[in-house]
Amino acid sequence: MTSEQFFGLIPAAGAGERMAQAKPKQYLELLGRPMLYHSVKALLADPRIVTVFVVLAPADQEFKRHPWGEFGERVAPLYCGGATRHDSVLNGLVAASSTLEPDDWVLVHDAARPCLALRELQRMLDALAGDEVGGILGVPVADTLKRADATGRIQRTEAREQLWQAQTPQMFRHGLLLEALGRTAKLSDEAGAVEALGLKPKLVQGYSTNLKVTYPEDLQLAQTILTSRGAQACE
Ligand code: CTP
Ligand code: MG
């Protein structure tokens, strides 16, 4: 019988260049806590998640300045981030190898998605436990899509049927993910590496509120979303 243990892995070693702030965006303040805190908490909200590994830059000095005690042993920092997200995830999977079995599930989740809702996480775990391949959270594209020409004018309208926006978590078995990321060059998500093996990850529908904080205005949006769910600012 295959294992159904679930682990989280949060790559949090990026520089947040598009945010253009003094510190990497995972440490920007959101309701009195670093954004990373909310992403960790969101994954740990489901008791089926055993541990969340957080992949940090080797020189990270900030993680340990924040309190993580409320999560006990369920948060494990790994100081092995790499030059790209792909490298950070792969390094984290290798570092976690002593804890994880090849059949264990790993949910890779961006530090920059602090608004993951428990209901969509539960839906994902329910939909994929026992699956042969794994899958990702995403949302069907809602807007009409235009392809631009080099001058910024509309070249044509693209059909949006069956197009999805990929989000995280991206959930695959540890052994499969290690193999997939080890084989592929730089890809922007885990599913792409698994697809390159000829497999078809499942799309699990989530919410558009699971946005990735990328630009400064996104932080305010994330705060509004969390506050609307009753989250209170910490002193
Ligand atoms: N990430 C990482 N290691 C890297 C680059 C990115 O762990 N070398 C992480 C980020 O910390 C983030 C996630 O991957 O949690 C998604 O990446 P992105 O949103 O692109 O974050 P940054 O790379 O930090 O931002 P930017 O691209 O604007 O510099
Ligand atoms: Mg990036």
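## A buried glutamate

Glu120 is found in helix H3, where helices (H or I, at least four residues) and strands (E, at least two) are DSSP runs numbered from the N terminus. At 0% relative accessibility, Glu120 counts as buried, a word that stands for under 20% relative accessible area, with exposed meaning over 50% and partly exposed in between (1.4 Å probe, protein chains only). Leaving aside neighbours within four places in sequence, Glu120 is in contact with Cys115, Leu137, Gln167, Gly206, Tyr207 and Asn210, contact meaning heavy atoms within 4.5 Å. A polar atom of the Glu120 side chain lies 2.8 Å from the backbone nitrogen of Tyr207; a polar contact is a pair of N or O atoms within 3.5 Å, and within protein one must be able to donate a hydrogen and the other to accept it, while residues adjacent in sequence count only if both atoms are side-chain atoms. The C-alpha atoms of Glu120 and Ala59, 61 residues apart along the chain, are separated by 33 Å.

## How to read the values

This is a predicted model, in which local features need pLDDT of at least 70 and side-chain atom pairs count only at pLDDT 80 or more, whereas totals for chains, interfaces and linings use all residues. Residues are numbered from 1 along each chain as its sequence is written, chains are lettered from A and ligands numbered from 1 in the order in which they are written, and side-chain values use heavy atoms, with hydrogens and water left out.

## The chain as a whole

The chain has six helices and eleven strands. Its radius of gyration is 18 Å, close to the 18 Å that the globule rule gives for 235 residues, so the chain is as compact as a globular protein of that length; the radius is taken over C-alpha atoms, and the rule is 2.2 Å times the number of residues to the power 0.38. Along its principal axes the C-alpha trace spans about 55 × 45 × 35 Å. Of the 235 residues, 48% count as buried, and among contacts with a separation of 6 or more, 73% are between residues 24 or more positions apart.

A nonpolar core is a set of buried Ala, Val, Leu, Ile, Met, Phe, Trp, Tyr and Cys residues joined through side-chain atoms within 4.5 Å. The largest one holds 29 residues, of which Ile10, Leu36, Val40, Val54, Phe63, Leu107 and Met171 touch the most other members. At least two residues of this core come from each of strand S1 (6–12), helix H1 (35–44), strand S4 (49–56), strand S6 (105–108) and helix H3 (118–128), and H1 gives the most, with six residues. Apart from this core lies another, of 24 residues, among them Leu9, Val89, Leu93 and Leu176.

H1 is mostly covered, with nine of its ten residues buried. In helix H2 (residues 85–95), the buried residues are His86, Asp87, Ser88, Val89, Leu90, Gly92 and Leu93, and their cover includes S1, S4, strand S5 (75–78), S6, helix H4 (174–183) and helix H5 (190–195). Asp87 is buried at a relative accessible area of 19%, and, neighbours within four places in sequence aside, Asp87 is in contact with Gly82 and Lys186.

## The ligand

There are 19 residues around ligand 1, of which Pro11, Gly16, Glu17, Lys25 and Ser88 come nearest; a residue is counted here if one of its heavy atoms lies within 4 Å of the molecule.

| Residue | Ligand 1 atom | Distance |
|---|---|---|
| Arg18 | oxygen | 2.8 Å |
| Thr84 | nitrogen | 3.3 Å |
| Ala111 | oxygen | 3.0 Å |

Taken alone, ligand 1 exposes 560 Å², and the protein buries 88% of that; accessible areas come from the Shrake-Rupley method with a 1.4 Å probe, and for residues only the protein chains shown count as cover.

## Backbone details

A cis peptide bond, with omega about 5°, joins Thr168 and Pro169, and Pro169 has its place in strand S10 (residues 164–173). Leu31, in the loop between strand S2 (29–30) and strand S3 (33–34), has a phi near 50°, a positive value in a residue other than glycine, and Leu31 is buried, with a relative accessible area of 8%. Gln162 lies in the loop between strand S9 (154–158) and S10; phi of Gln162, near 65°, is positive in a residue other than glycine, and Gln162 is exposed, with a relative accessible area of 77%.
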